[in-house]
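Here is a short note for a colleague who is opening this entry for the first time. Please read the points with the structure in view.

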Amino acid sequence: MRSDLGEGKQGGWQGWDGGERKQAVLSMAFRYLDTYRELLLEEGERASNFPKELYLCAAGELSQHPELVEEVLKLQRWTEILQSSTEEDKDAKRKQVRPLFRHFRRIDACLQPREAFRGSDEIFCRVYTPDHSYVTIRSRLSCRVGEILAQVREKLQYSEEQPRPPGNLLLVAVTSAGEKAVFRPSDEAVFTTLGVNTHLFACEPAELETLLPLPEEIHWSPGDSKLHDMSAEEVANQLVTFDWELFSCVHELEFVCYVFHGEQARWRPLNLELVLQRCSEVQHWVATEILQCQSLPKRVQLLRKFIKIAALCKQQQDLLSFLAVVLGLDNPAVSRLRLTWEGLPGRFKKQFQQFESIADPSRNHKAYRDLVGSLRPPLIPFTPLLLKDLTFLHESCKTFHGEMVNFEKMHKVAEMVRSIRRCRSAQFALDMEPSPSHLQTRAYVRQLQVIDNQNLLFNMSCKLEPKDV
């Protein structure tokens, strides 16, 4: 600990002796430790390095500054707490294996309230082979690609379906559009970076070009939507409830890690990644439901229902689903359906135009920001815009000037984090009376079946209303 931490130009340290300065620094450290206690306990040994080094440093100062004795004892307790967050907790966590968001379509799992994911959590995951068979592995969310491939290789080695032992394997993410991304062996937490209909494949290098999306991701069958039998109120309530669960799981630090560290700390913003996936999923859900509907009158009904759902989400201050539904209706494959939109009553058209003005990005999203400024918590903000603002702040301002920290930037980051905290400073209280269809709607909303291939969506649109119509 340096006693010459620098005297502020406005006299922040003036008149303080060395011991007082050190106590002020330690006081700030304790505030950090108290604020992020749960995350630090989750980190285990890695997190204990900071208080341990601080403890050793402060203990070395006791001979000159005996007034630090209370702070040193407190640091010692913190070191012991973090080092002993231990085998009991780890064993308990090993017994809890959860399906990742959207990964398995299990009704019992999707009906449970969402809890925050941590890097040490274990999940079941399917990894496919080029012939679309798959192996199921059990893995930590934060594990490296090399560890995943080792498990896959071991399972394939003893599989009766494999004619020969697997050679050198690659782990590849394949989207529903057939795009491929090859992961490096050192990459971590690849599960939460997958898109809505993206799957993991293990293949040998020579097989990379032969990889194709799963058949169910390419083909679609027209039919009536289950949404016709559900009330807009109940669907909106379930959307809001699920969004709040997902948003509540995101720790404030995940926003900072997502922007400041990127792929270097990929496993840290796990819950934030799931919120972003949900936003994309809701957009594609809107387009999918409308474009699978072959009947023009029923499509108009769906259009009305989605506008009503958006209105209810806005009314309940769920701006994530509100804007996701609006953007889904603005999808080019949906917005080009002239006959469908012409069948919409005038008041719905007018209401949707108002919603589009809120989604308008002009003047730095002024309409949306004005709306947020007029709301009181609790509310669910449009998370992608929060990240856009934080990214702009990070990239437009240097974190360091020489060896000096840019505290002006840090204050702005802190202000943004406080705005996120403000959104959750009160609890949502939705009055939902259980009905016979309650669980069915809940399961439907939490496991949306969507098409995220834009080319396929556009082809579906053209079959419904050809270009010359």
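**Notes on surface, charges, helix packing and rings**

1. Start on the surface. F400, V405 and F407 make up a nonpolar patch there, and their accessible area together is about 300 Å². Keep in mind that this is a predicted model. V405 belongs to strand β8, residues 404-405. Its relative accessible area is 34%.

2. Next, the charges. Side chains of opposite charge can pair when their charged atoms come close. The structure holds 16 salt bridges. One of them joins R184 to D187, with the closest N and O atoms 2.9 Å apart. How accessible are the two partners, R184 and D187? R184 is partly exposed, at 48% relative accessibility. D187 is buried, at 9%.

3. A second salt bridge sits within one helix. E342 pairs with R338, and the closest N and O atoms are 3.1 Å apart. Both residues lie in helix α15, residues 338-342. They are 4 residues apart, so about one helical turn separates them. E342 is partly exposed, at 47% relative accessibility. R338 is also partly exposed, at 39%.

4. R369 and D389 have their closest N and O atoms 2.8 Å apart. R369 is in helix α17 (residues 362-374), while D389 is in helix α18 (residues 383-396). The pair therefore ties together parts that are 20 residues apart in sequence. R369 is partly exposed, with 29% relative accessibility.

5. D243, R278 and E281 are linked by them in a network.

6. Now look at helix α21, residues 454-464. Which of its residues are buried? They are L456, L457, M460, S461, C462 and L464. What do the buried residues of α21 pack against? Their partners are α8 (215-218), α11 (270-292), α12 (296-315) and α14 (332-335).

7. Turn to the rings. A pair of aromatic rings is described by the distance of the centres and the angle of the planes. The structure holds 8 aromatic pairs. In one, the ring centres of Y128 and F201 are 5.7 Å apart and the planes stand at 35°, so the pair is tilted. Y128 comes from strand β2 (residues 122-128) and F201 from strand β6 (residues 199-203). This pair therefore ties together parts that are 73 residues apart in sequence. Y128 is buried, at 7% relative accessible area. F201 is buried as well, at 1%.

8. Another tilted pair is made by W244 and F247, at 6.4 Å centre to centre and 55° between the planes. Both residues lie in helix α9, residues 232-249. They are 3 residues apart, so they are separated by about one helical turn. Are W244 and F247 buried or exposed? Both are buried.

9. Finally, return to Y128 and F201. Ring pairs link these two and Y134 into a cluster.

Terms used
Residues are numbered from 1 along each chain as its sequence is written. This is a predicted model: local features need pLDDT of at least 70, side-chain atom pairs count only at pLDDT 80 or more; totals for chains, interfaces and linings use all residues. Side-chain values use heavy atoms; hydrogens and water are left out. Patches are made of residues with over 30% relative accessible area and no salt bridge: like charges are joined within 9 Å, nonpolar side chains (Val, Leu, Ile, Met, Phe, Trp, Tyr) within 5 Å. Accessible areas come from the Shrake-Rupley method with a 1.4 Å probe; for residues, only the protein chains shown count as cover. A salt bridge is a side-chain nitrogen of Lys or Arg within 4 Å of a carboxyl oxygen of Asp or Glu. Helices (H or I, at least four residues) and strands (E, at least two) are DSSP runs, numbered from the N terminus. Buried means under 20% relative accessible area, exposed over 50%, partly exposed in between (1.4 Å probe, protein chains only). Contact means heavy atoms within 4.5 Å. Rings of Phe, Tyr and Trp (its six-membered ring) pair if their centres lie within 6.5 Å; planes under 30 degrees apart count as stacked, over 60 as edge-to-face and the rest as tilted.
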